[in-house]
Amino acid sequence: MAHNVGIRRSEYVTNPVLRYIGYGVIALLLSVVHVVFLRFMQVSSVTPDLLLIFTVFIAIYEGQFTGMIAGFLCGLLFDAVSTDVIGTNALAKTLAGFVAGYFYHENHGVQFVGSFNFLLVIALCGFVHNLVYNFFFIRPMQVSFWIFFLQYGLAATLYTTVTSLFLMLYINRRRD
Amino acid sequence: MRGLIEFVVRYRNYITLSTLVVMSFSLMSIGRLSDLGGFRAVIVGSIGWIQSAFSWIPNPVALKSENTALRELNLQLAVEVARSRQSIVENERLRGMLKLPEYTDFGLIAADIVGKTTTEQRNYATINKGKVDGITEGMSCINDAGLVGIVVGASDHYAVLELLINRDTRVSAKVLRTRVDGVIQWEGENILVLKNIPRSLDVKQNDVIVTSSYSSKYPANIVIGTVTVVENEANSLFHRVVVQPSVNFSTLEQIFVVNARPNPERIQLERKIEETSKTKISQ
(Lines give C-alpha, C1' and ligand atoms only; values in the text may rest on other atoms or scores of the structure.)
Protein backbone atom coordinates (compact mmCIF):
# COMPACT_ATOMS: atom_id res chain seq x y z
CA MET A 1 0.00 0.00 0.00
CA ALA A 2 2.80 2.33 1.01
CA HIS A 3 4.64 1.26 -2.12
CA ASN A 4 1.60 2.21 -4.25
CA VAL A 5 1.34 5.60 -2.66
CA GLY A 6 5.05 6.11 -3.25
CA ILE A 7 4.60 5.27 -6.94
CA ARG A 8 1.64 7.59 -7.20
CA ARG A 9 3.49 10.42 -5.53
CA SER A 10 6.55 10.06 -7.70
CA GLU A 11 4.32 9.81 -10.74
CA TYR A 12 2.59 12.96 -9.70
CA VAL A 13 5.92 14.75 -9.21
CA THR A 14 7.38 13.67 -12.51
CA ASN A 15 4.28 14.00 -14.68
CA PRO A 16 3.80 17.70 -15.45
CA VAL A 17 0.22 17.26 -16.68
CA LEU A 18 -0.87 15.64 -13.43
CA ARG A 19 1.06 18.29 -11.51
CA TYR A 20 -0.60 21.18 -13.29
CA ILE A 21 -4.04 19.64 -12.84
CA GLY A 22 -3.20 19.33 -9.16
CA TYR A 23 -2.20 23.01 -9.07
CA GLY A 24 -5.49 23.93 -10.68
CA VAL A 25 -7.51 21.96 -8.15
CA ILE A 26 -5.55 23.41 -5.24
CA ALA A 27 -5.98 26.94 -6.61
CA LEU A 28 -9.71 26.38 -6.94
CA LEU A 29 -9.95 25.07 -3.37
CA LEU A 30 -7.81 27.91 -2.00
CA SER A 31 -9.93 30.56 -3.72
CA VAL A 32 -13.10 29.05 -2.24
CA VAL A 33 -11.43 28.77 1.17
CA HIS A 34 -10.31 32.39 0.84
CA VAL A 35 -13.77 33.72 0.09
CA VAL A 36 -15.80 31.45 2.37
CA PHE A 37 -13.64 30.69 5.40
CA LEU A 38 -11.00 33.39 5.68
CA ARG A 39 -13.48 35.74 7.33
CA PHE A 40 -12.76 33.75 10.49
CA MET A 41 -9.10 34.82 10.32
CA GLN A 42 -9.91 38.42 9.48
CA VAL A 43 -8.09 41.01 11.58
CA SER A 44 -9.28 44.60 11.03
CA SER A 45 -10.50 43.66 7.51
CA VAL A 46 -7.09 42.20 6.63
CA THR A 47 -6.77 38.55 5.56
CA PRO A 48 -3.79 36.51 4.40
CA ASP A 49 -3.57 35.96 0.65
CA LEU A 50 -3.43 32.18 0.23
CA LEU A 51 -3.35 32.38 -3.58
CA LEU A 52 -0.34 34.67 -3.43
CA ILE A 53 1.50 32.13 -1.28
CA PHE A 54 0.53 29.45 -3.76
CA THR A 55 1.71 31.56 -6.72
CA VAL A 56 5.10 32.17 -5.07
CA PHE A 57 5.33 28.47 -4.27
CA ILE A 58 4.73 27.54 -7.93
CA ALA A 59 7.18 30.19 -9.16
CA ILE A 60 9.92 28.87 -6.87
CA TYR A 61 9.10 25.25 -7.68
CA GLU A 62 8.47 25.55 -11.42
CA GLY A 63 10.25 28.70 -12.56
CA GLN A 64 9.48 32.26 -13.57
CA PHE A 65 7.45 31.49 -16.69
CA THR A 66 5.13 29.05 -14.97
CA GLY A 67 4.98 31.33 -11.92
CA MET A 68 3.71 34.23 -14.01
CA ILE A 69 1.11 32.10 -15.76
CA ALA A 70 0.05 30.62 -12.42
CA GLY A 71 -0.14 34.12 -10.90
CA PHE A 72 -2.26 35.36 -13.77
CA LEU A 73 -4.67 32.44 -13.61
CA CYS A 74 -4.86 32.46 -9.80
CA GLY A 75 -5.51 36.22 -9.94
CA LEU A 76 -8.24 35.77 -12.53
CA LEU A 77 -9.81 33.03 -10.43
CA PHE A 78 -9.71 35.21 -7.36
CA ASP A 79 -11.15 38.21 -9.23
CA ALA A 80 -13.99 36.00 -10.39
CA VAL A 81 -14.88 34.54 -7.01
CA SER A 82 -14.35 37.73 -5.01
CA THR A 83 -16.40 39.95 -7.38
CA ASP A 84 -13.39 42.25 -7.66
CA VAL A 85 -12.63 44.19 -10.84
CA ILE A 86 -11.50 41.49 -13.26
CA GLY A 87 -7.78 41.89 -13.93
CA THR A 88 -6.56 43.65 -10.78
CA ASN A 89 -5.56 40.52 -8.90
CA ALA A 90 -4.42 38.94 -12.15
CA LEU A 91 -1.99 41.81 -12.76
CA ALA A 92 -0.76 41.92 -9.15
CA LYS A 93 -0.22 38.17 -8.93
CA THR A 94 1.44 38.02 -12.37
CA LEU A 95 4.02 40.55 -11.15
CA ALA A 96 4.38 38.67 -7.85
CA GLY A 97 5.01 35.45 -9.82
CA PHE A 98 7.52 37.27 -11.98
CA VAL A 99 9.46 38.51 -8.94
CA ALA A 100 9.27 35.13 -7.18
CA GLY A 101 10.63 33.46 -10.34
CA TYR A 102 14.03 35.02 -9.75
CA PHE A 103 14.41 32.73 -6.73
CA TYR A 104 13.85 29.56 -8.76
CA HIS A 105 16.57 26.95 -8.39
CA GLU A 106 16.05 23.83 -10.46
CA ASN A 107 15.51 20.74 -8.28
CA HIS A 108 15.97 22.76 -5.09
CA GLY A 109 12.46 24.16 -4.83
CA VAL A 110 11.47 22.04 -1.82
CA GLN A 111 14.60 22.99 0.09
CA PHE A 112 13.99 26.66 -0.60
CA VAL A 113 10.32 26.56 0.44
CA GLY A 114 11.31 24.79 3.64
CA SER A 115 13.74 27.55 4.60
CA PHE A 116 13.29 31.01 6.09
CA ASN A 117 14.27 32.48 2.69
CA PHE A 118 10.79 31.48 1.54
CA LEU A 119 9.30 33.88 4.07
CA LEU A 120 11.52 36.70 2.78
CA VAL A 121 10.40 36.01 -0.79
CA ILE A 122 6.77 35.94 0.33
CA ALA A 123 7.27 39.30 2.07
CA LEU A 124 8.91 40.80 -1.05
CA CYS A 125 6.27 39.42 -3.43
CA GLY A 126 3.49 40.43 -1.02
CA PHE A 127 4.87 43.95 -0.96
CA VAL A 128 4.93 44.14 -4.79
CA HIS A 129 1.51 42.50 -5.04
CA ASN A 130 -0.17 44.81 -2.56
CA LEU A 131 1.54 47.89 -3.96
CA VAL A 132 0.13 47.15 -7.43
CA TYR A 133 -3.23 45.88 -6.17
CA ASN A 134 -3.87 48.82 -3.83
CA PHE A 135 -2.91 51.27 -6.54
CA PHE A 136 -5.75 50.01 -8.71
CA PHE A 137 -8.06 49.22 -5.80
CA ILE A 138 -8.16 52.75 -4.37
CA ARG A 139 -8.15 54.55 -7.71
CA PRO A 140 -11.92 55.22 -7.61
CA MET A 141 -11.77 56.28 -3.94
CA GLN A 142 -10.96 59.67 -2.44
CA VAL A 143 -8.19 58.42 -0.16
CA SER A 144 -4.44 58.84 -0.14
CA PHE A 145 -2.68 55.87 -1.75
CA TRP A 146 0.26 55.87 0.68
CA ILE A 147 -1.90 56.12 3.79
CA PHE A 148 -4.09 53.29 2.52
CA PHE A 149 -1.11 51.20 1.49
CA LEU A 150 0.70 51.69 4.81
CA GLN A 151 -2.49 50.89 6.70
CA TYR A 152 -3.72 47.86 4.74
CA GLY A 153 -1.07 46.89 2.18
CA LEU A 154 1.74 46.39 4.68
CA ALA A 155 -0.61 44.74 7.17
CA ALA A 156 -1.78 42.30 4.49
CA THR A 157 1.83 41.61 3.49
CA LEU A 158 2.79 40.89 7.09
CA TYR A 159 -0.25 38.67 7.65
CA THR A 160 0.42 36.71 4.45
CA THR A 161 4.07 36.26 5.43
CA VAL A 162 3.11 35.00 8.89
CA THR A 163 0.59 32.58 7.35
CA SER A 164 3.20 31.23 4.93
CA LEU A 165 5.23 30.23 7.98
CA PHE A 166 2.91 27.23 8.39
CA LEU A 167 3.63 26.05 4.83
CA MET A 168 7.33 26.60 5.38
CA LEU A 169 7.30 24.58 8.62
CA TYR A 170 5.20 21.83 7.01
CA ILE A 171 7.58 21.46 4.04
CA ASN A 172 10.55 21.71 6.39
CA ARG A 173 9.33 18.82 8.55
CA ARG A 174 8.48 16.66 5.52
CA ARG A 175 11.88 17.38 4.01
CA ASP A 176 13.59 16.18 7.19
CA MET B 1 12.62 33.18 -38.75
CA ARG B 2 15.05 31.19 -36.69
CA GLY B 3 16.39 34.42 -35.22
CA LEU B 4 12.86 35.41 -34.24
CA ILE B 5 12.29 32.05 -32.55
CA GLU B 6 15.57 32.36 -30.70
CA PHE B 7 14.60 35.86 -29.60
CA VAL B 8 11.23 34.67 -28.34
CA VAL B 9 12.77 31.71 -26.50
CA ARG B 10 15.47 33.91 -25.00
CA TYR B 11 13.12 36.62 -23.80
CA ARG B 12 10.03 34.49 -23.31
CA ASN B 13 9.65 35.52 -19.69
CA TYR B 14 9.58 39.23 -20.50
CA ILE B 15 7.32 38.70 -23.51
CA THR B 16 4.97 36.61 -21.37
CA LEU B 17 5.02 39.22 -18.63
CA SER B 18 4.21 42.00 -21.09
CA THR B 19 1.43 39.94 -22.65
CA LEU B 20 -0.12 39.09 -19.28
CA VAL B 21 0.10 42.71 -18.09
CA VAL B 22 -1.59 43.90 -21.29
CA MET B 23 -4.27 41.22 -20.87
CA SER B 24 -4.81 42.27 -17.24
CA PHE B 25 -5.26 45.91 -18.23
CA SER B 26 -7.63 44.92 -21.02
CA LEU B 27 -9.70 42.86 -18.59
CA MET B 28 -9.67 45.71 -16.08
CA SER B 29 -11.06 48.10 -18.64
CA ILE B 30 -14.01 45.83 -19.41
CA GLY B 31 -14.36 43.75 -16.24
CA ARG B 32 -16.39 46.01 -13.98
CA LEU B 33 -18.67 44.43 -11.44
CA SER B 34 -21.64 45.93 -13.22
CA ASP B 35 -20.79 43.84 -16.27
CA LEU B 36 -21.64 40.70 -14.39
CA GLY B 37 -21.89 38.29 -17.26
CA GLY B 38 -23.12 34.74 -17.48
CA PHE B 39 -19.93 32.88 -16.49
CA ARG B 40 -19.15 35.21 -13.65
CA ALA B 41 -22.74 35.16 -12.47
CA VAL B 42 -22.49 31.37 -12.20
CA ILE B 43 -19.27 31.64 -10.15
CA VAL B 44 -20.66 34.33 -7.86
CA GLY B 45 -23.87 32.34 -7.46
CA SER B 46 -21.91 29.19 -6.57
CA ILE B 47 -19.72 31.05 -4.08
CA GLY B 48 -22.82 32.62 -2.56
CA TRP B 49 -24.38 29.17 -2.20
CA ILE B 50 -21.26 27.82 -0.47
CA GLN B 51 -21.12 30.90 1.79
CA SER B 52 -24.76 30.48 2.80
CA ALA B 53 -24.15 26.78 3.45
CA PHE B 54 -21.44 27.68 5.97
CA SER B 55 -23.07 30.79 7.35
CA TRP B 56 -24.16 28.88 10.48
CA ILE B 57 -20.54 28.90 11.70
CA PRO B 58 -20.25 31.81 14.14
CA ASN B 59 -17.51 34.34 13.51
CA PRO B 60 -16.23 35.65 16.86
CA VAL B 61 -14.42 38.59 15.26
CA ALA B 62 -17.50 39.67 13.31
CA LEU B 63 -19.70 39.19 16.38
CA LYS B 64 -17.34 41.35 18.43
CA SER B 65 -17.31 44.14 15.85
CA GLU B 66 -21.10 43.87 15.47
CA ASN B 67 -21.44 44.07 19.24
CA THR B 68 -19.23 47.15 19.32
CA ALA B 69 -21.24 48.78 16.52
CA LEU B 70 -24.50 48.01 18.34
CA ARG B 71 -23.14 49.48 21.56
CA GLU B 72 -22.12 52.65 19.72
CA LEU B 73 -25.57 52.84 18.17
CA ASN B 74 -27.15 52.28 21.57
CA LEU B 75 -25.08 55.09 23.03
CA GLN B 76 -26.07 57.44 20.21
CA LEU B 77 -29.73 56.58 20.68
CA ALA B 78 -29.44 57.10 24.46
CA VAL B 79 -27.96 60.55 23.82
CA GLU B 80 -30.81 61.31 21.41
CA VAL B 81 -33.40 60.22 24.00
CA ALA B 82 -31.72 62.37 26.66
CA ARG B 83 -31.74 65.35 24.30
CA SER B 84 -35.38 64.74 23.47
CA ARG B 85 -36.33 64.57 27.15
CA GLN B 86 -34.32 67.69 27.86
CA SER B 87 -36.14 69.49 25.06
CA ILE B 88 -39.51 68.46 26.49
CA VAL B 89 -38.57 69.69 29.98
CA GLU B 90 -37.12 72.93 28.62
CA ASN B 91 -40.20 73.44 26.50
CA GLU B 92 -42.50 73.06 29.51
CA ARG B 93 -40.36 75.38 31.59
CA LEU B 94 -40.23 78.05 28.89
CA ARG B 95 -43.98 77.76 28.38
CA GLY B 96 -44.45 78.31 32.11
CA MET B 97 -42.13 81.29 32.07
CA LEU B 98 -43.97 82.80 29.10
CA LYS B 99 -47.06 83.04 31.30
CA LEU B 100 -45.13 84.73 34.14
CA PRO B 101 -45.27 88.33 32.82
CA GLU B 102 -49.08 88.08 32.79
CA TYR B 103 -49.14 87.48 36.54
CA THR B 104 -46.74 90.18 37.66
CA ASP B 105 -46.78 93.94 37.63
CA PHE B 106 -43.02 94.29 37.23
CA GLY B 107 -41.11 94.83 34.05
CA LEU B 108 -39.12 91.67 33.44
CA ILE B 109 -35.87 91.09 31.56
CA ALA B 110 -35.39 87.47 30.45
CA ALA B 111 -31.91 86.02 30.83
CA ASP B 112 -30.13 82.68 30.63
CA ILE B 113 -27.86 81.37 33.34
CA VAL B 114 -24.45 80.85 31.76
CA GLY B 115 -22.46 79.88 34.84
CA LYS B 116 -22.73 78.89 38.47
CA THR B 117 -20.04 79.35 41.12
CA THR B 118 -19.82 78.31 44.74
CA THR B 119 -17.29 79.95 47.05
CA GLU B 120 -17.39 78.96 50.73
CA GLN B 121 -21.13 78.28 50.72
CA ARG B 122 -21.83 81.38 48.74
CA ASN B 123 -23.72 80.37 45.61
CA TYR B 124 -23.65 82.73 42.69
CA ALA B 125 -24.92 82.51 39.13
CA THR B 126 -23.86 84.45 36.06
CA ILE B 127 -26.46 85.54 33.51
CA ASN B 128 -26.00 86.64 29.93
CA LYS B 129 -27.56 90.09 30.36
CA GLY B 130 -25.82 93.18 31.75
CA LYS B 131 -25.87 96.94 32.00
CA VAL B 132 -26.51 97.28 28.27
CA ASP B 133 -29.78 95.43 28.82
CA GLY B 134 -30.74 97.69 31.72
CA ILE B 135 -29.60 95.45 34.56
CA THR B 136 -28.03 97.07 37.60
CA GLU B 137 -27.01 95.96 41.08
CA GLY B 138 -29.84 95.40 43.54
CA MET B 139 -32.39 94.09 41.06
CA SER B 140 -34.24 90.94 42.11
CA CYS B 141 -34.40 87.81 40.01
CA ILE B 142 -37.33 85.44 39.75
CA ASN B 143 -38.61 82.62 37.61
CA ASP B 144 -42.02 81.03 37.24
CA ALA B 145 -41.50 79.13 40.52
CA GLY B 146 -40.48 82.08 42.66
CA LEU B 147 -37.59 84.09 44.03
CA VAL B 148 -34.16 83.23 42.67
CA GLY B 149 -31.83 85.87 44.09
CA ILE B 150 -30.51 89.36 43.62
CA VAL B 151 -28.06 91.01 41.23
CA VAL B 152 -24.86 91.83 43.11
CA GLY B 153 -22.68 92.89 40.20
CA ALA B 154 -23.10 93.79 36.55
CA SER B 155 -20.82 94.41 33.58
CA ASP B 156 -21.94 95.56 30.15
CA HIS B 157 -23.14 92.14 28.99
CA TYR B 158 -23.16 89.96 32.09
CA ALA B 159 -24.45 90.11 35.63
CA VAL B 160 -23.79 88.03 38.75
CA LEU B 161 -26.64 86.93 41.00
CA GLU B 162 -26.44 86.10 44.67
CA LEU B 163 -28.77 83.13 44.83
CA LEU B 164 -31.30 82.56 47.57
CA ILE B 165 -29.25 79.56 48.68
CA ASN B 166 -26.36 81.72 49.84
CA ARG B 167 -24.87 82.04 53.32
CA ASP B 168 -25.14 85.86 53.16
CA THR B 169 -28.74 86.00 52.00
CA ARG B 170 -31.36 87.45 54.38
CA VAL B 171 -34.85 87.93 53.01
CA SER B 172 -37.64 89.59 54.89
CA ALA B 173 -40.54 87.17 54.45
CA LYS B 174 -44.03 86.38 55.68
CA VAL B 175 -46.41 83.46 55.88
CA LEU B 176 -49.00 84.06 53.17
CA ARG B 177 -51.90 82.55 55.16
CA THR B 178 -51.39 84.30 58.50
CA ARG B 179 -49.16 87.30 57.52
CA VAL B 180 -46.61 86.30 60.19
CA ASP B 181 -43.25 87.96 59.51
CA GLY B 182 -39.79 86.47 59.76
CA VAL B 183 -36.40 86.36 58.09
CA ILE B 184 -35.43 83.69 55.58
CA GLN B 185 -31.90 82.27 55.81
CA TRP B 186 -30.14 79.45 54.04
CA GLU B 187 -28.96 76.50 56.14
CA GLY B 188 -27.09 74.55 53.50
CA GLU B 189 -28.09 72.13 50.73
CA ASN B 190 -31.70 72.85 49.80
CA ILE B 191 -32.97 74.06 53.19
CA LEU B 192 -34.20 77.54 54.04
CA VAL B 193 -35.25 78.50 57.52
CA LEU B 194 -37.80 81.15 58.49
CA LYS B 195 -36.42 82.70 61.66
CA ASN B 196 -37.78 84.93 64.41
CA ILE B 197 -41.21 83.27 64.52
CA PRO B 198 -42.45 83.17 68.14
CA ARG B 199 -44.05 79.92 69.31
CA SER B 200 -47.33 81.70 69.91
CA LEU B 201 -47.80 82.55 66.23
CA ASP B 202 -49.58 80.36 63.73
CA VAL B 203 -47.35 78.58 61.21
CA LYS B 204 -48.21 75.18 59.77
CA GLN B 205 -46.77 72.70 57.36
CA ASN B 206 -47.50 73.52 53.68
CA ASP B 207 -47.87 77.23 54.40
CA VAL B 208 -46.56 79.31 51.52
CA ILE B 209 -43.81 81.81 52.33
CA VAL B 210 -43.57 84.99 50.25
CA THR B 211 -41.39 88.09 50.33
CA SER B 212 -42.55 90.71 52.74
CA SER B 213 -43.39 94.29 51.92
CA TYR B 214 -40.98 95.23 54.72
CA SER B 215 -38.05 94.21 52.52
CA SER B 216 -36.10 97.07 51.04
CA LYS B 217 -34.27 94.74 48.62
CA TYR B 218 -36.94 92.41 47.23
CA PRO B 219 -40.35 93.18 45.73
CA ALA B 220 -43.24 92.04 47.91
CA ASN B 221 -45.36 88.87 47.49
CA ILE B 222 -42.90 86.80 45.50
CA VAL B 223 -43.08 83.14 46.43
CA ILE B 224 -40.03 81.84 48.30
CA GLY B 225 -41.11 78.36 49.24
CA THR B 226 -43.34 76.07 51.28
CA VAL B 227 -43.10 75.17 54.96
CA THR B 228 -42.09 71.53 55.36
CA VAL B 229 -41.30 71.28 59.07
CA VAL B 230 -42.38 73.34 62.09
CA GLU B 231 -40.60 72.45 65.32
CA ASN B 232 -39.96 74.10 68.65
CA GLU B 233 -36.35 75.06 69.22
CA ALA B 234 -34.95 73.83 72.53
CA ASN B 235 -34.46 76.53 75.16
CA SER B 236 -36.00 79.09 72.85
CA LEU B 237 -39.23 81.01 72.49
CA PHE B 238 -39.21 80.63 68.72
CA HIS B 239 -40.31 78.08 66.15
CA ARG B 240 -37.82 76.54 63.81
CA VAL B 241 -39.62 76.72 60.47
CA VAL B 242 -37.99 74.78 57.66
CA VAL B 243 -38.90 75.99 54.18
CA GLN B 244 -38.47 74.11 50.92
CA PRO B 245 -37.50 76.64 48.21
CA SER B 246 -39.97 76.72 45.35
CA VAL B 247 -37.16 77.25 42.85
CA ASN B 248 -35.14 74.19 41.87
CA PHE B 249 -31.66 75.70 41.91
CA SER B 250 -29.96 72.60 40.56
CA THR B 251 -31.89 72.81 37.28
CA LEU B 252 -32.06 76.59 37.02
CA GLU B 253 -31.42 77.73 33.46
CA GLN B 254 -33.65 80.70 32.64
CA ILE B 255 -34.65 83.57 34.91
CA PHE B 256 -36.28 86.99 34.79
CA VAL B 257 -34.63 90.06 36.26
CA VAL B 258 -37.24 92.32 37.84
CA ASN B 259 -36.79 95.69 36.23
CA ALA B 260 -37.31 97.62 39.46
CA ARG B 261 -34.77 98.89 41.94
CA PRO B 262 -35.45 99.46 45.62
CA ASN B 263 -36.48 102.98 46.43
CA PRO B 264 -33.19 104.84 47.12
CA GLU B 265 -34.93 107.40 49.37
CA ARG B 266 -36.24 104.62 51.60
CA ILE B 267 -32.86 102.85 51.74
CA GLN B 268 -31.11 106.13 52.54
CA LEU B 269 -33.56 106.92 55.35
CA GLU B 270 -33.29 103.42 56.83
CA ARG B 271 -29.50 103.53 56.76
CA LYS B 272 -29.48 106.96 58.40
CA ILE B 273 -31.74 105.78 61.23
CA GLU B 274 -29.63 102.62 61.63
CA GLU B 275 -26.41 104.64 61.92
CA THR B 276 -28.04 107.02 64.43
CA SER B 277 -29.15 104.10 66.57
CA LYS B 278 -25.65 102.59 66.51
CA THR B 279 -24.15 105.93 67.55
CA LYS B 280 -26.60 106.22 70.45
CA ILE B 281 -25.80 102.70 71.61
CA SER B 282 -22.05 103.31 71.47
CA GLN B 283 -22.43 106.51 73.51
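In chain A, 67% of the contacts with a separation of 6 or more are between residues 24 or more positions apart. The model behind this number is a predicted one. Of its 176 residues, 43% are buried.

Two of these helices make a handy example of packing. Two packed helices are described by the angle between their axes and the distance between the axes. For helix 2 and helix 4 of chain A, the axes come within 10 Å and cross at roughly 35 degrees. The crossing of helix 2 of chain A past helix 4 of chain A is right-handed. On the helix 2 side, the residues involved are Tyr23(A), Ala27(A), Leu28(A), Ser31(A), Val32(A), His34(A) and Val35(A). They meet Ala70(A), Cys74(A), Leu77(A), Phe78(A) and Val81(A) of helix 4 of chain A. Sorted by class, the residues of this contact come out as 10 nonpolar, 2 polar and no charged.

Next comes the question of cores. The largest nonpolar core counts 43 residues, and Phe54(A), Val56(A), Ile60(A) and Ala100(A) are the ones with the most contacts inside it. Two or more residues each come from helix 2, helix 3 (50-62), helix 4, helix 5 and helix 7 (116-137) of chain A, and also from helix 2 (12-30) of chain B. The top contributor to this core is helix 3 of chain A, which gives 11 residues. Take Phe54(A): leaving aside its neighbours within four places in sequence, Phe54(A) is in contact with Ile26(A), Ala27(A), Leu30(A) and Cys74(A). There is also a second, separate core of 39 residues, and its members include Ile135(B), Val151(B), Leu164(B) and Ile255(B).

As for where the chains meet, 22 residues of chain A are in contact with 23 residues of chain B. On the chain A side, at least two residues each are supplied by helix 2 (16-36), helix 4 (64-81) and helix 5 (88-101). Helix 4 of chain A gives the most to this side, with 6 residues. By class, the side of chain A that touches chain B has 15 nonpolar, 6 polar and 1 charged residues.

Chain B also brings strands into the picture. Strand 3 (residues 140-142) of chain B runs antiparallel to strand 12 of chain B, and 2 bridges join them. Here Cys141(B) has Val257(B) in strand 12 as its bridge partner. Strand 12 (residues 254-258) of chain B is largely enclosed by the rest of the structure, because 4 of its 5 residues are buried.

Strand 3 of chain B also pairs with strand 4 of chain B, in the antiparallel sense over 3 bridges, and Ile142(B) has Leu147(B) in strand 4 as its bridge partner. These two strands form a hairpin with 4 residues between them, and Gly146(B) in the turn has a positive phi of about 160 degrees. Strand 4 (residues 147-154) of chain B is itself mostly covered, with 6 of its 8 residues buried.

Moving along, strand 4 of chain B pairs with strand 5 (residues 159-163) of chain B over 5 bridges, in the antiparallel sense. Val151(B), listed above in the second core, has Leu161(B) in strand 5 as its bridge partner. A hairpin links strand 4 of chain B to strand 5 of chain B through 4 residues.

How values were computed: Residues are numbered from 1 along each chain as its sequence is written. Chains are lettered from A and ligands numbered from 1 in the order in which they are written. This is a predicted model: local features need pLDDT of at least 70, side-chain atom pairs count only at pLDDT 80 or more; totals for chains, interfaces and linings use all residues. Two residues are in contact if their C-beta atoms, placed from the backbone, lie within 7 Å. Ala, Val, Leu, Ile, Met, Phe, Trp, Tyr, Cys and Pro count as nonpolar, Asp, Glu, Lys and Arg as charged, and the others, Gly among them, as polar. A residue is buried if 20 or more other C-beta atoms lie within 10 Å of its own, exposed if 12 or fewer, and partly exposed in between; C-beta atoms are placed from the backbone. Two strands pair if DSSP finds at least two bridges between them. A nonpolar core is a set of buried Ala, Val, Leu, Ile, Met, Phe, Trp, Tyr and Cys residues joined through C-beta atoms within 7 Å. Axes are lines fitted to C-alpha atoms, for helices over the stretch in contact, and angles run from 0 to 180 degrees between N-to-C directions. A crossing is left-handed if the near helix is turned anticlockwise from the far one by less than a right angle, and right-handed if clockwise.
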